[in-house]
Amino acid sequence: MEGHKDVLYGLYDDEDVLMDAITKAQKDHLDIHDVFTPFPVHGLDEVMGLSESRLHIAGFVYGALGTLTAFLFMSWVFTRDWPIIFGGKPYWSVPAFIPITFELTVLFSCVGMVVTYYTVCGMGPGADNPTLDDRITDDKFCIAFNVSNSSKDEIESLRGFLTKSGAEETNIKTI
Amino acid sequence: MSHHPIISPLRHTLITGDKTYHQITEDICAPSEKVPSTAWVIAFILSVTVLGFGVFCILWTIWMGIGTWNLNRTIGWGWDITNFVWWIGIGHAGTLISAILLLFRQKWRTGVNRAAEAMTIFAVMCAGLFPLIHMGRLWLGFFIFPYPNTRGPLWVNFNSPLLWDVFAISTYFTVSLLFWYTGLVPDLATLRDRSTGLRRKIYSFVAFGWTGSAKHWQRFESLSLILAGIATPLVLSVHTIVSFDFATSVIPGWHTTIFPPYFVAGAIFSGFAMVLTLMIITRKVLKLEDYITLQHIESMNKVIVLTATMVGVAYLTELFISWYSQYPYEQFAFYNRATGIYFWSYVGMMGCNVLVPQIFWVEKYRRNITLTFFMSIFINIGMWFERFVIIVTTLARDYLPSSWSYYVPTWVEIGIYIGTFGLFFTLYLLFTRVAPVVAIAEVKSILKTSGSQYTGLTKRKAIDYNEAAKEADHAHAHDDHGHH
C-alpha cells in the first residue's frame, strides 16, 4: 500500500445527481480519484470513462486451461499410462471424456476468475481497505478527489464544485 | 440526464411500501442485528436435534455396516440414492434463479436469489452425504479422486457416469459457493459498516475489504455475468450427469435418452417448490413482505406450472415410447410402475407433480399464498416419489422373476433422511442470522424501476394493467400519427 493520502469527498443522496456531477467534473477536467456507490449504478463506468474489465479474457484462458488439463490427462491415462478396454470401446474413447472435460473447464474458469477478481481489487479474507464513510454501503453516493498535493485554494474550489453539483456533505479524510 | 424518476404503471412492482435506499438497508439488516426471536430459537433447537439424530444414524451405519439398511441383492439403490437425486434437484432452483434469470434480465430474481443460492449450497451438502455414506467405508472416500497412488498408479474409470457425477457435484458445489459468496460480499460490508466492536471486526474479516469503488463494481458486474454464463450450462450438466447414472445402464426404464431433459425439468420444478416453501416462511417471519412480494410468488408459480407440465409430458412420452418400442421388457417396466407393487408411489408422482400443479394456470390460485405453500410441499413429496419410482420400482422387478424383491427402509435409512432436513434447516437458520437474506445492493439497484412509488402503484391503489397498456398503445399510435 502506498503512503497516506488526503481525500476530499462529497456525499450525494441520489445516483442521478451523482452521474450529472461526474459528467460536469469531466467537462471541467477535474481529476476524480474514485467514486463509491452502495450498489452498481448502471452506466457509471461509461460516464467515468473506465476501460472495460478484462476479467472475461482471464475467464476464457482459465477455462481453456481446464479443458486441456482434463482432456489431455484422461487421454494420457487411457492411451499411455494404463490403457484399459471398457465395454469393447477404443482406448481413446473421446465422447466419454466430454462430461469431465466440461466440468473442469467450468471449475478452472470460475475459480480462476474469482481469485483474479479479488487479487486485482486488492480484496480477500481480512483485507482492511480504508473506507471514507460508513454510509457509502447504505444510501450515500460519493465522489472523491485526491488532495494530498493540493493548495488550500484548489481544495476550496473542489469543495465548491462538490457542493454546487449537489453534494449534501463534504469532508476531508486521510486514508 | 433526468432527475425525475420515470413512473410507469406497466412495470411490475417488486418492492412495495415506498422504500428509500436507507429503509431497504434497515429492513433487510434488521433480522441479523436483533436478538433471535423465540420462534427462531425453537426452530433452531428442533433442527439441531433432528440433525443430531441424523448424525447418530450415519454413525450407526458406518459402525454396524451397510447391512443396517434394507437394501438387498436385487434392490441395490433405495432411499439413499432417491434422497441424493431429490436433494440435488432441489439445489438447482438456486442456480436457475441467480444465473439463468440474471442472463434473462429478470428483475424479480433480486428478491429471492440470495436465499435461493444459500438453499442450493445447503441442498447440495445434504445430497453429497448420501453417495458418501452409501460407499460404506467412508474413510476410503478419497479413492474416487484421481490422485497419484502407489498401486501403479491405478486411475479411476473416467468412462464411468458415477465418476462424472463426482466431478459434476464437486464442481457445482464449488461454483455455487463462490458465486454466492461473491454476491454476498458487498452486503456483508453493509453489515460491517453498521456494526461496532467485535461484530465489526468479524464482518470486516468476511467482507474482504469491500469499499464500493466504481471500478470494483464494474468488475463485480462483469464477474457476475460471466459466472452466470458458465453456471447456466453447469446446472444443466449436473442433473444431466445425474440422469446418466441411470440412462447409461442397461435396465429397462432407465436406459432412455429422454432422461437428461426430463431430470433437469424435474430438478427446476422441485427446486422452485422448495424456494417457495422457504420464502413464504422467511418473508413472514423476517417481515420481508415488501421485498418478497406476491409478484415474486406468482412468477415462481408460473415456473412451477411450466416445469410441472414439462415433467408431465416426459412421463407420457416415456409411456408412449415403451408401447411404441414393441420391446416387452421396456413395456413391462412401465406397466409395473403404474400397476405393480409400488403403484402408490406412481400415483403420488403423477398426482402431485402433474395433475395438482395445473391449478396454477389460474391467476387467482397463483396469487394465493396459503395454497402456494401447500402446493410447494405437495410438489416436493411428488418429486421424491418420482425418484423412488424410477429407482426402487424399477430395480424391484428385474429380468429374472426368481430374484424379484421388495424393499422397505429401516429406521436407520429413514433417520438419515430426516437428519438431512435437520442439516438443511440448521444451516438455513444460521444463514438468516448472520447474513442478509435478500441481496441488499441488488434490490437497491432495481428500486427506481420496480419500487412501488415508481410503478405508480402507490398513487393508483389498484392498477389495471390492461387499461394501462391500452393507454400506452393509444399514446404511441397518437405519436406515430403526429409524424405523418
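**Helix packing and chain contact in the predicted model**

Within chain B, helix 3 (residues 79-103) packs against helix 13 (residues 369-396) at an angle of about 140°, with the axes 9 Å apart. Axes are lines fitted to C-alpha atoms, for helices over the stretch in contact, and angles run from 0 to 180 degrees between N-to-C directions. Helices (H or I, at least four residues) and strands (E, at least two) are DSSP runs, numbered from the N terminus. The angle therefore makes helix 3 of chain B oblique to helix 13 of chain B; angles under 35 degrees count as roughly parallel, over 145 as roughly antiparallel, 65 to 115 as roughly perpendicular and the rest as oblique. Residues of helix 3 of chain B in the contact include Val85(B) and Trp86(B), and those of helix 13 of chain B include Trp384(B) and Arg387(B); residues are in contact if their C-beta atoms, placed from the backbone, lie within 7 Å.

The model is predicted: local features need pLDDT of at least 70, side-chain atom pairs count only at pLDDT 80 or more, and totals for chains, interfaces and linings use all residues. Residues are numbered from 1 along each chain as its sequence is written, while chains are lettered from A and ligands numbered from 1 in the order in which they are written.

Chain A comprises five helices and four strands, arranged from the N terminus as β-α-β-α-α-α-β-α-β. Its C-alpha atoms fill a box of roughly 80 × 30 × 30 Å along the principal axes. The domain assignment, automatic or from a database, gives domain 1 (6-49 + 130-174) and domain 2 (55-120) of chain A. The C-alpha centres of these two domains lie 46 Å apart.

The contact between the chains takes 56 residues from chain A and 50 residues from chain B. Helix 4 of chain A gives the most to the side of chain A that touches chain B, with 16 residues. By class, this side of chain A has 35 nonpolar, twelve polar and nine charged residues; Ala, Val, Leu, Ile, Met, Phe, Trp, Tyr, Cys and Pro count as nonpolar, Asp, Glu, Lys and Arg as charged, and the others, Gly among them, as polar.

The axes of helix 4 (residues 94-120) of chain A and helix 5 (residues 161-194) of chain B come within 9 Å and cross at roughly 20°, which means that the two helices are roughly parallel. Among the contacting residues are Leu104(A) and Leu107(A) of helix 4 of chain A, and Phe167(B) and Leu178(B) of helix 5 of chain B. This helix contact has 13 nonpolar, three polar and one charged residues.

Technical notes. Two residues are in contact if their C-beta atoms, placed from the backbone, lie within 7 Å.
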